[in-house]
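Subject: A structure for you to look at

Hi,

Here is the structure I promised to send over. Have a look at it first, then read my notes below.

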Amino acid sequence: MRHAVIAAALTLLHLAPAAGFEIESESIFGDESAPRIEVLSTTDTAAFAPVLTAFVARHPGRAIRYVQASSSEIQRAVAEEGAQFDLVISSAMDMQMKLVNDGFAASVELAAPGLPAWARWRDQLWGIALEPVVTLASRSAFADLPLPVNRRELIATLRENADRFQGRIATYDPQVSGVGYFLTAQDDQVSDGFWRLAEVMGRLDARLYCCSSDMIDDLRSGDLAVVYNVVASYAARFRPDDPDLVRIAAEDYTFAIVRSAFLPAGAPDPEGGRELLLFLLSGPAQRLIAETSGVALVPGTGPAPAPQLRPIRLDAGLLVYGDRLRRAGLLAEWQAALNQR
Amino acid sequence: MRALRALVGAGQIKSLRRRLVWQFVVLSALLVAGLFVTVRWVAESASRASQDAVLGAAVTAIAEGVRSVDDGLELDLPYATFSMLGAMGDERIFYSLRVGADVVTGYEGLPPPPAPPTDLAPVFWAATHQGAQLRLAAVARPMLVDARAVPVMVTLGQTRRGQAAIARETAMGAAWVALAFLALVLPVALLAAEAVLSPVRRLAEVVARRGPRDLSPVRYPTPRELTPLLRALNGLIARLRGALDLAETFIFEAAHRIRTPLSLVRTEAELALAETSDPAARTRLRRMVRAIDDSSRSASQILDHAMVMYRSDQFEAEMLDLAALAASVLRAVEPLADLRDLRVTSAGLGRPCHLRGDQRMLEIALRNILDNAVKYARSEGTVHLALHEADRQAVLAVCDDGRGIAGDALTGRFRRGSNVEDVAGSGLGLTIVTEVAAAHRGRFSLTPRPEGGTCATLSLPLP
Amino acid sequence: MRILLVEDGEELARAVASRLALEGHGVDHAPTLADARLFLDSAPYDLILLDISLPDGDGRDFLAAERAARREVPVIMMTASASVGDRVSTLDLGADDYITKPFDFAELQARCRAVLRRRAGAADSRRHFAGFTFDALGANVTIGEETRELRARELRLLEILLSRPGQTYSKAHLIDRLFSFDEEVSDNAIEVYVGRLRRKLEGSGARIETLRGVGYRLIAE
């Protein structure tokens, strides 16, 4: 078997003259000269690299150009700029759903045995990973305090130790981050308790981030003590080599978002996109993905989901989160909760 | 309609059975297609009705989530409603909230309703949006915005891919069931076609089994539908018979009319012959007499032939004694043999020989055979008639010691109207004999004798 | 022989009667069945020649009535219309024979002879001439104690010559009488039969004289 060539990841921050949308990085996997499958994804390149490497190893005649961008940029790229990609991967379920609902996805016939029915929509949007959304805590920051196991305990701990956590709690900024808004909307929908947490976070001058990596970096550096709602796959990357980082899957409920992929209508190489998608849904790829996310989407390819895990279904209900009025209302409420002083 | 009739009628198909089956298949196919269309339509209507109800409930639920707030409108788009809509077959969903003419939220450019809704009773319509076939519902309600009442319209659209698929699958299911039923029924239809046509075939067999000249009416129990055919057939037969009877009557009448004056002429000629000794006049008179004899003989044979034909039609076999019949005919011919100084001998006539046959026809046949033999026998020669039974056959042989006609001439003698050398009327006479033999399922043959002369052999089956 | 001819055609009847007279027969002609009945009542006949279709009825009915009344005069039916097949019905009615018009008088003569022969004794058929007795039905001549069989043509030749002994018959005339018209015979053929008959009549006191260039006649020595 040919040795797969991993091209050096070129970090081209804010350097994409041809494309109007902002990309975070661009990498080539596989033989430089081989025809490329263009992938646009929110997933961190490093986190996804093993899967892509495995693909090019199996398909020596194929290369992958992997472009990483934020979910809102992806939305822009696909919906407004008509960017040419063969596969679009995103964890922002609502945006993916809207793109597909609005007709930007092509139908593809795939055999995906084991893929749960709630992890796909029609033959257009395919779940490829289940990503639990967890709370990360710094063990050293908690020190003698017991680690909370659910939101009620977290609220209590934060309230009782306001000094310790003042300015050291963080979460996504729902106004900036698509994932942040989506998770806030989910929290809002599932539990009234979330708003008490939001108020506590407001009182503690919670810091709002655009991106998970920044939050994790600040958590590791000791600036932050608690990070609420982080996609586990990012956390998982650091957990093994950072004993200080604690992953808390809240026992009351822990969301799991479905990272999904679709083939854009009018893709330059639909066959390539399909091939890659088929691979992503296959057992080997699923095992690699489950290794990173810590839970299997397709049963039998990794650890079974914990009982409190609440996967968010890929269905038309997701469309409500894109609604302008609804968004405006939620964000207004978020602002009100956060601005306690 | 004409095209259908042409398709079903299948006029170019010659076989009635194939035509029946073809018609059955075509009609069945039309039936299946009709069933498919109907079931699809019914399924579509049914599912459209139920999905319209869901869509109407959803659009009403959304409309009820619109609230007036201080700075305008607030919409709490219900997740459950969308989720439920989506659950009905992964449909794409489009919605919009309009205040007056402005889209406040949701999709721009959704197709407008044919008639704007006036209240919370949903208006439904179908339209195309972004290349998708949509079923839309809209409701309207007035809202207070900035202390002014403005009309707010909520539109909700949904693709009906699932519905179409369900209707298609239901219709396909029905069509498959119909096809399977058809496959089961096809052999039955073949059998039925067979059964329907069997009286026709049996009638054909009955008609085909008849003798070539059997002109009696066909009496055969047929289904009512075939009665007109049978009646027409019997009518035709009756007319044919009438025509034949008329022809026969005509022949007899003509024979009578011609023969009476011929008799006079012949007699006068003979008298004239007796009174003249002028060789030239005598030659002419003799020629005249001979011509009269020829035509008389021809007339006889034509009548005989007509009689044989007629009797073949009405063939009614009865038990008869061929030996007695042969003896009687022999006696009638003896004077003729006497005229030629012939010796007529016979063998096998002492014992009765019973068989089934038509006495008149056999008499005609025997008379012709013997007349022939007398004609061809050598002057002062012998004609020998022998009757014996062999191989379940009565074999009657009449042998003369005449000129011995061989080869082509023999077979030629069977041809109607051909004469052997200068002997008139021999052709038809032998044709008559052959026909009588055929009517009796027997055989007739002429064979030359090695010592000269000819044997005429008539074989008739014994009962 | 005395013959009753029942025939409605006047001319034909006259011709037939003349022709039969040549054979030496006496013929009475009845144009209707009623006339025939009168003739039969008034004189005995050796033979009836009966036509089938007559103005006052069907000859077959007449025949049936005759036979029913047990009058057994031999009858030969004549017809112009029916075929050979009709013979059966007429014979069944009691006719002795059947002849189709137009007929060969030689054949008629032969049939008459056959009928009379079958009804042997109905009439005395023997004739005496010179030193022999001729039996036409028996087909022989008897000279003294010796009976000599005659063949058909010898018999007929003798019959003709004997009908008017001494009269000369030309060869042609004899040929007409002896042979059927469809036989092509030379004048010399008659000499064969004359020769044979002469041998049969040897010692009878009668002989057939040849008149050169004229014909033959039968004379007593």
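How many of the 221 residues of chain C, as a percentage, count as buried? The figure is 43%. Keep in mind as you read on that this is a predicted model.

Chain C has a mean pLDDT of 84, with 94% of its residues at 70 or more. Within chain C, strand β1 (residues 2-6) has the highest mean pLDDT of the elements, 92, while helix α4 (residues 87-93) has the lowest, 74.

Now the layout of chain C. You can look for 8 helices and 13 strands there. If you take the contacts in chain C between residues at least 6 apart in sequence, 50% of them join residues at least 24 apart.

Helix α7 (residues 171-178) of chain C packs against helix α8 (residues 189-200) of chain C at an angle of about 85 degrees, and their axes are 10 Å apart. Angles of 65 to 115 degrees count as roughly perpendicular, so that is the word for α7(C) and α8(C). On the α7(C) side, the contact is made by Lys171(C), Leu174(C), Ile175(C) and Leu178(C); α8(C) brings Ala189(C), Ile190(C) and Tyr193(C). Sorted by class, this contact has 6 nonpolar residues, 1 charged residue and no polar ones.

Most peptide bonds are trans, and most residues other than glycine have a negative phi. Here are three places to check against that.

- Lys101(C) and Pro102(C) are joined by a cis peptide bond, with omega at about -10 degrees. Pro102(C) sits in the loop between β7 (97-100) and α5 (105-118) of chain C.
- Ala139(C) is not a glycine, yet its phi is positive, about 55 degrees. You'll find Ala139(C) in the loop between β9 (132-135) and β10 (140-143) of chain C.
- Arg392(B), also not a glycine, has a positive phi near 60 degrees. Its loop runs between β11 (382-390) and β12 (393-400) of chain B.

Are Ala139(C) and Arg392(B) buried, partly exposed or exposed? Ala139(C) has 18 other C-beta atoms within 10 Å, so it counts as partly exposed. Arg392(B) has 8 other C-beta atoms within 10 Å, and therefore counts as exposed.

Happy browsing!

Conventions
Residues numbered from 1 in each chain as written. Chains lettered and ligands numbered in written order. Predicted model: local features only at pLDDT ≥ 70, side-chain atom pairs only at ≥ 80, totals over all residues. Axes fitted to C-alpha atoms, helices over the stretch in contact; angles between N-to-C directions. Helix = DSSP H or I, 4+ residues; strand = E, 2+ residues; numbered from the N terminus. Parallel < 35°, antiparallel > 145°, perpendicular 65-115°, else oblique. Contact = placed C-beta atoms within 7 Å. Nonpolar A, V, L, I, M, F, W, Y, C, P; charged D, E, K, R; others polar. pLDDT = per-residue confidence, 0-100. Buried ≥ 20, exposed ≤ 12 C-beta atoms within 10 Å, placed from the backbone.
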